[in-house]
Amino acid sequence: MLHFKENGSPSTIVKTILDVPANELHIALVEATRTAEIQELSIIIDGIDITEPEEVVFVQIIYSLVKKMMDAVSKFKALLTSSQIPKLKEIFGELQCIEHDKERKDCLDFLPHDDTRYGKVLHQHEGSLEWLWKHAQYQLWSASKCSSLLFVEWKPGSGKSTLTKYFKENLADKEPNACSSTVAHYFYTYRGIELESTHENMLRSILYQILEQDESIFFYLQRTFREARGVQEVHRGNISKWPYKSLKDVLSSFANLPSTKPIYLILDAIDESEEGDRRDIIELLCNLCSEENRCHIKVFLASRPVAELNGHIRKHYHLIKLQDENKDEISQFADDFLSKDLGLTGSDRGEARDYIVDNARGVFVWVALVKKELRIYIETGYRKGEVLEYLASLPQELLGFYKLMLRRLERGTPRDIQDGQKIFRWVLFGFRPLTVVELCHALAVPDDCSLMVSYEEFTRREFRGMEMRILNCGGNFLEIKSDGTVQLMHPTVREFLLQTFQDATNSNLATTETNAHTAMITTSLQYLMLCFSICPTMRNRFSTIETWASEDFQAYVRYLNEWPLLNYTLSSLNYHHHYCDLNECVSQLISTLIDQLTPNQASCF
């Protein structure tokens with residue numbers, strides 16, 4: 001215990017205290033507090049750190065002080081702050097700890113979403129789309145000091161997604177204010193994962209990006225997040241689930257955030273979103289752009305004309321009609337492929353370019369199809385002056401082109417028709433786009449419940465040159481992306497095929513949605529039986545796991561990786577089961593699969 005002279009000066013007393021070792025000093029403090037019978041005490045120690053090994057001892061003394069004070073004082077509170085150092089967490093492990101930014105990071109984890117479309121959108125033709133920054137409507141929208149909405153309206157195939165991606169990627173360079181802003185984007189699509197056309201997935205993605213970029217915003221939705229997480233914990237949910245209505249309320253509340261940091265929301269293809277709640281989402285976006293709002297929000301919205309947009313956006317917000325603005329881009333694109341790709345020169349090139357520009361009506365997809373047709377024509381040889389005559393023979397509307405392409409496929413051999421029908425089923429109604437390798441395995445399995453394929457037959461049915469098979473049976477309707485996925489070349493193709501296939505008599509390639517899902521679940525069930533029961537490797541090596549060593553588990557993983565469609569099959573069974581015709585044949589397949597898997601421990605593993 002410390003002893004001080006009664007007539008000692010303050011400086012002498014302070015010096016005496018400072019000279020006392022820390023371990024003795026903290027004991028003295030505790031004893032003094034207990035002797036004085038202090039009932040309530042708060043201590044704040046800021047900036048605890050460990051940079052040198054000897055500082056660990058001092059931190060341990062602080063911990064000891066806190067623990068003893070908790071015993072000595074009935075109402076004791078201590079607030080200790082430090083940087084995130086593992087050793088500190090280890091020393092203070094028994095005390096309550098608030099980790100900086102942890103709750104916001106938990107909130108980000110609570111917003112799972114899919115957004116694959118953006119990466120698949122093509123970049124603009126070099127030097128094109130610069131007109132956007134000089135457009136009068138864009139400049140009015142950009143210069144506005146209030147929240148505002150810019151609507152880019154487009155005809156099908158006029159390059160809307162390319163423009164939206166171009167805007168997002170160049171915004172920071174063209175708009176100095178955007179560098180210090182929060183920028184979030186979302187591209188709706190029904191060509192990707194099923195969730196990507198839903199407004200709930202859009203809200204998750206947008207909120208995730210905003211929270212990731214601006215930590216301060218979390219304060220304003222902290223309570224809502226805690227409520228949403230609390231509901232999930234009550235129901236013991238295994239998947240993070242923020243209620244859809246709550247997500248809408250959170251985004252709506254941004255209109256009145258006391259924030260000086262602007263927010264840019266970039267949304268593409270709202271016409272490809274689910275129709276059920278589309279009107280409410282559009283109203284939400286419009287309300288965010290009210291001039292009376294406290295927060296500065298800029299919405300860039302691109303879409304085909306849809307009924308829900310007419311009443312709100314066309315009358316009150318900035319509007320750009322893309323098909324009226326991209327004539328120069330089409331001219332440049334056409335001139336490049338006519339000269340560089342097709343080798344046309346002189347009057348042939350000039351006449352062809354002018355014809356394409358005059359008849360494109362702003363639709364890039366029509367131009368791309370003309371390019372493919374013209375390439376085939378020129379490769380077979382032509383006379384001077386015939387190019388324009390051939391161009392005039394091609395359909396002048398996108399719908400006419402699609403009808404021409406379908407008629408060509410319908411004239412294929414019975415084998416081509418059968419494979420084409422299967423390919424279109426998977427592309428039109430699949431849970432997600434398949435890769436070339438996945439589609440190869442899908443076509444090797446019969447989609448007829450009455451045909452049970454052997455492993456040997458399955459291996460014989462696998463295609464060699466699958467990419468050529470896809471393009472032969474799907475024509476220009478399909479494209480193979482750089483990541484190997486197979487998809488429709490444009491959303492308008494989906495609309496055309498679905499409308500055409502509604503009546504099976506319209507085309508020998510037609511398939512209804514129910515029949516497609518029934519065929520796909522049949523294929524999936526047979527594929528699982530092949531992988532987990534019928535394949536000789538599975539039967540001979542992996543039939544039991546009791547005696548497996550680590551190399552056996554590794555071999556089993558390698559074996560499963562040899563079945564590329566397996567991941568899709570396991571994740572999509574419920575989806576196809578929901579939409580299929582659950583007839584006796586499908587039910588029998590399910591029973592057979594269960595009977596085969598039950599005694600096989602490896603398949604359960």
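Predicted model: local features only at pLDDT ≥ 70, side-chain atom pairs only at ≥ 80, totals over all residues.
Mentor: Two strands pair if DSSP finds at least two bridges between them. Four bridges link β3, residues 148–153, to β7, and the two strands run parallel.

Trainee: Which residue of β7 stands opposite Val152?

Mentor: Opposite Val152 is Ile320 in β7.

Trainee: In what order do the strands of the open sheet lie?

Mentor: The order is β4-β5-β6-β3-β7, with five strands in parallel pairing. At the edges are β4 (182–187) and β7 (318–321), each of which pairs on one side only. Ignoring direction, neighbouring strands of this sheet are turned by 10° against each other on average.

Trainee: Which strands does helix α8 lie across?

Mentor: Helix α8, residues 160–174, lies across β3, β4, β5 (263–268) and β6 (297–303). Relative to β5, helix α8 runs at about 160°.

Trainee: Let us turn to helix packing. How do α16 and α17 cross?

Mentor: The axes of α16 (residues 346–360) and α17 (residues 364–379) come within 9 Å and cross at roughly 145°. The crossing in which α16 passes α17 is right-handed. On the α16 side, the contact is made by Tyr355, Ile356, Asn359 and Ala360, while α17 contributes Trp366, Val367 and Val370. Sorted by class, this contact of α16 with α17 has six nonpolar residues, one polar residue and no charged residues.

Trainee: Which residues touch the most other members of the largest nonpolar core?

Mentor: A general idea comes before the case. In soluble globular proteins, nonpolar side chains tend to be buried together. In this model, the largest nonpolar core has 89 residues, of which Trp366, Tyr402, Leu439 and Phe477 touch the most other members. Helix α25, residues 513–534, gives the most to this core, with 10 residues. There is also a second, separate core of 45 residues, which includes Cys107, Leu108, Ile206 and Leu265.

Trainee: What is Trp366 in contact with, leaving aside its neighbours within four places in sequence?

Mentor: Its contacts include Tyr355, Ile356, Asn359 and Ala360, the α16 residues already named for the contact with α17. Trp366 is also in contact with Pro395, Gln396, Glu397, Leu398 and Phe401.

Trainee: Why does Gln209 count as buried?

Mentor: Gln209 counts as buried because its relative accessibility is 11%. This residue lies in helix α9, residues 199–213. Not counting residues up to four places away in sequence, Gln209 touches Val183, Ala184 and His185.

Trainee: Does Ala307 count as buried or exposed?

Mentor: Exposed means over 50% relative accessible area. Ala307 counts as exposed because its relative accessibility is 57%. Ala307 has its place in helix α13, residues 307–310. Ala307 and Asp271 are 36 residues apart along the chain, with their C-alpha atoms separated by 9.6 Å.

Key:
Residues numbered from 1 in each chain as written. Heavy atoms only, no water. Axes fitted to C-alpha atoms, helices over the stretch in contact; angles between N-to-C directions. Contact = heavy atoms within 4.5 Å. Left-handed = near helix turned anticlockwise from the far one by under 90°. Nonpolar A, V, L, I, M, F, W, Y, C, P; charged D, E, K, R; others polar. Core = buried A, V, L, I, M, F, W, Y, C linked by side-chain atoms within 4.5 Å. Buried < 20%, exposed > 50% of the residue type's maximum accessible area, 1.4 Å probe, protein only.
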